[in-house]
Each structure stands twice: as C-alpha cells, then as structure tokens.
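Here are my notes on this model, as numbered points. Have the structure open while you read.

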Amino acid sequence: GPGLEYAQGRGLTPKTCASLRIGWNPSDLYEDRAAWGLPEEINPRTGKPRRVWLPSGLVIPTLRNGQVVAIKIRRSAWTSEDQLPKYAAVSGGGKLPMVLAPGKGKSCVVVESELDAILAAQEARDAVSCVALGTAKGKPDAAVHALFVAAPVVLVALDFDEAGAGGWP
C-alpha cells in the first residue's frame, strides 16, 4: 500500500515498520474522545463535542515498554502552504521523546523527527541509542536525561535549519 511505499522511500524496511507498528491511515477520521479514553471537551466556537482527528497518512507510534504512549501521523495531504502541521500529534498522547535501542554504555544520537530516529536505529541499533525529541524545541524527560548522562558520546543531529540551530543549546 501507499504507507509501506512511503516508508520504504524513506529507507525503512518492512521488518522495521512491522516491529515498531508503523502503519497507514488511508483517510481522515474524526473519532469520539471517549473511544480513546479521553474526557469529553466542548469546542467553545461551535458548542459541539471535540473529536480526535486522525488525518490520512503514515502512522508513527511511540512505544515505551511495549505500550503505545503517543501517536504522530505524517499527513499525506500536507503541502508547504498548509496552515496545519506536517506531523499531527493524536490527542491524548504524551509528549515523551521516542527512544530506540537503548543500552548501557552506548552512545546516543539525538534527532528531531521520529522517522529519522527510526532509520538511525534500523541501521545502527547495535552501536547507538536513538532519541527523537519530536521538535527542535523538545526536551528530554528524566529517563532520556539519564540515558544521555550515561552515554560516552551524545551526537546532536537536529535538522539543518533555523529551528535546529536554535534547539542545539
């Protein structure tokens, strides 16, 4: 399908996609918040209940201890003129960094996007731990901070743009 084709175009293997539960949502969905275990919220502008937006695109879960703690969707309909973000974070997910291939004594590679961390882990998981902050302004949580402190080297490889340069410090 289009999701696997897109993922493979980014260098990911079918095995990596399957192991990390990366998938494809073929069309925009709007689901009840209760179905996602979220409390009801009313949109003050419309007076109607808010819904959970699941845009069409590549579904990228963040896992901690085998459990999904956050989901981002790389929107298939995104364009550079779009007012909405390229990556939509699904309501109710945590703001935790994605951590792949953690291990004692391993160096860490720090990137912005989950797709970059996944590719780095796919190619170098025996050598490095990979952390995606989700944004150039992302901060490590306590567990990731401990991983950084224990690492012999932390390679910060944020995007080569203004946000990445600002996020480096």
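1. Let's begin with the sheet. Strand 1 (residues 23-25) pairs with strand 4 in the antiparallel sense, over three bridges. Strands here are DSSP runs of E with at least two residues, helices are runs of H or I with at least four residues, and both are numbered from the N terminus. Two strands pair if DSSP finds at least two bridges between them. Within this pairing, Trp24 stands opposite Leu58 in strand 4.

2. Before going further, the ground rules. This is a predicted model, in which local features need pLDDT of at least 70 and side-chain atom pairs count only at pLDDT 80 or more, while totals for chains, interfaces and linings use all residues. Residues are numbered from 1 along each chain as its sequence is written, and side-chain values use heavy atoms, with hydrogens and water left out.

3. Strand 4 also pairs with strand 5: the two run antiparallel and are joined by eight bridges. Leu63 stands opposite Val68 in strand 5. The two strands form a hairpin with two residues between them. As for burial, eight of the eight residues of strand 4 are buried, so strand 4 is largely enclosed by the rest of the structure. Buried means under 20% relative accessible area, exposed means over 50%, and partly exposed is in between (1.4 Å probe, protein chains only).

4. Leu58, in strand 4, is buried with a relative accessible area of 1%. Leaving aside neighbours within four places in sequence, its contacts include Gly3, Tyr6, Ala7, Trp24, Lys72 and Leu115; contact means heavy atoms within 4.5 Å. Leu58 and Tyr87 are 29 residues apart in sequence, and their C-alpha atoms are 9.3 Å apart in space.

5. Pro61 also lies in strand 4 and is buried, at 8% relative accessible area. Not counting residues up to four places away in sequence, Pro61 touches Leu20, Arg21, Ile22, Val68, Ala70, Ile71 and Met98. Phe160 is 99 residues from Pro61 along the chain, with 25 Å between their C-alpha atoms.

6. Over in strand 1 you'll find Asn25, which is buried with a relative accessible area of 11%. Where does the side chain of Asn25 reach? To the backbone oxygen of Ser27, at 3.0 Å. That falls under polar contacts, meaning pairs of N or O atoms within 3.5 Å; within protein, one must be able to donate a hydrogen and the other to accept it, and residues adjacent in sequence count only if both atoms are side-chain atoms. Beyond its neighbours within four places in sequence, Asn25 is in contact with Leu54, Pro55, Ser56, Gly57 and Val59.

7. Two phi values deserve a look. Most residues other than glycine have a negative phi. Asn65, in the loop between strand 4 and strand 5, has a positive phi of about 50 degrees although it is not a glycine. Ala101 has a positive phi too, near 55 degrees, and is placed in the loop between strand 7 and strand 8 (107-111). Are these residues buried or exposed? Asn65 counts as exposed at 81% relative accessibility, whereas Ala101 is buried at 9%.

8. Now the largest pocket, with about 460 Å³ of space. On a 1 Å grid over the protein atoms alone, a pocket is an open set of points where a 1.4 Å probe fits, with protein on both sides within 12 Å along at least five of seven lines; lining residues have an atom within 4 Å of a point. Grid points are joined across faces, edges and corners, and a volume is the space filled by probe spheres set on the points. The lining has 25 residues, of which Lys72, Glu114, Leu133, Gly134 and Thr135 lie nearest the centre. Strand 4 (57-64), strand 5 (67-75), strand 6 (87-89) and helix 3 (114-124) are the elements that give two or more residues, and strand 5 gives the most, with three.

9. The second largest pocket has a volume of about 280 Å³. Its 14 lining residues include Leu63, Arg64, Asn65, Val99 and Pro102, which lie nearest its centre. Strand 4, strand 7 (98-100) and helix 4 (142-150) each supply at least two lining residues, with the largest share, four residues, coming from strand 4.
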